[in-house]
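Here is a short briefing to read alongside the sequence and the 3D view. Take a look at the picture first, then work through the points below.

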Amino acid sequence: MDQRLFMSLKEKEEFLHTELVRHGVEYHKAAEVARILLSGKADELLTEKEIQLATEVCRKWIIQRKRLAFIHEQ
């Protein structure tokens with residue numbers, strides 16, 4: 001059984017981007033936030049704009065995940 005256990009940074013970024021878009025996040029915002037989250041930068045090094053964008057996108061993602069979980073419970 002040939003199973004990949006590790007993902008490259010690019011694959012992780014693509015996966016996160018896809019997940020965000022799948023949960024209703026605008027394509028370009030999802031790409032930017034995926035890059036920000038996987039950049040490895042300490043929070044203190046992020047710009048205010050990057051922090052606001054990541055917060056906005058992650059909130060939207062959480063709301064959509066909760067909605068989907070609720071729908072699947074029914």
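**Contacts and overall build**

Among contacts (heavy atoms within 4.5 Å) in the protein chain between residues at least 6 apart in sequence, 40% join residues at least 24 apart. Please keep in mind that this is a predicted model, where local features need pLDDT of at least 70, side-chain atom pairs count only at pLDDT 80 or more, and totals for chains, interfaces and linings use all residues. Residues are numbered from 1 along each chain as its sequence is written, and side-chain values use heavy atoms, with hydrogens and water left out.

**The whole chain**

- The protein chain has three helices and zero strands; helices (H or I, at least four residues) and strands (E, at least two) are DSSP runs, numbered from the N terminus.
- Reading from the N terminus on, the order of elements in the protein chain is α-α-α.
- The protein chain is more spread out than a compact globule, because its radius of gyration is 14 Å, well over the 11 Å that the globule rule gives for 74 residues. The radius of gyration is taken over C-alpha atoms, and the globule rule is 2.2 Å times the number of residues to the power 0.38.
- The C-alpha trace of the protein chain spans about 40 × 35 × 20 Å along its principal axes.

**Surface and charge**

- How much of the protein chain counts as buried? The share is 19% of the 74 residues, where buried means under 20% relative accessible area, exposed over 50%, and partly exposed in between (1.4 Å probe, protein chains only).
- The protein chain has an accessible surface of about 6200 Å², and 58% of that surface belongs to carbon and sulfur atoms. Accessible areas come from the Shrake-Rupley method with a 1.4 Å probe; for residues, only the protein chains shown count as cover.
- The protein chain carries 13 positive and 13 negative charges, and their mean positions are 4 Å apart. Lys and Arg count as positive and Asp and Glu as negative, while His and the chain ends are not counted. The place of a charge is taken as NZ of Lys, CZ of Arg, CG of Asp or CD of Glu.

- Which residues of helix 2 are buried? In this helix (residues 27–37), they are A30, V33, A34 and I36.
- These buried residues line one face of helix 2, because they fall within an arc of 160° when seen down the helix axis. The arc is that of the directions from the helix axis to the C-beta atoms.
- Y27 and H28 are exposed, on the other side of helix 2.
- Helix 1 (9–22) and helix 3 (48–73) are included in what covers the buried residues of helix 2.
- I36, which lies in helix 2, is buried at 5% relative accessibility.
- Leaving out residues up to four places away in sequence, I36 touches L46, E50 and L53.
- I36 and S8 are 28 residues apart along the chain, and their C-alpha atoms are separated by 16 Å.

**Two residues of helix 1**

- Beyond its neighbours within four places in sequence, H17 is in contact with Y27, A30, A31 and A34.
- L16 also has its place in helix 1, and with a relative accessible area of 22% L16 is partly exposed.
- Not counting residues up to four places away in sequence, L16 touches A34 and L37.
- L16 and L38 are 22 residues apart in sequence, and their C-alpha atoms are 9.1 Å apart in space.

**Two residues of helix 3**

- T55 sits in helix 3 and counts as partly exposed at 31% relative accessibility.
- A69 and V57 are twelve residues apart along the chain, and 18 Å separates their C-alpha atoms.
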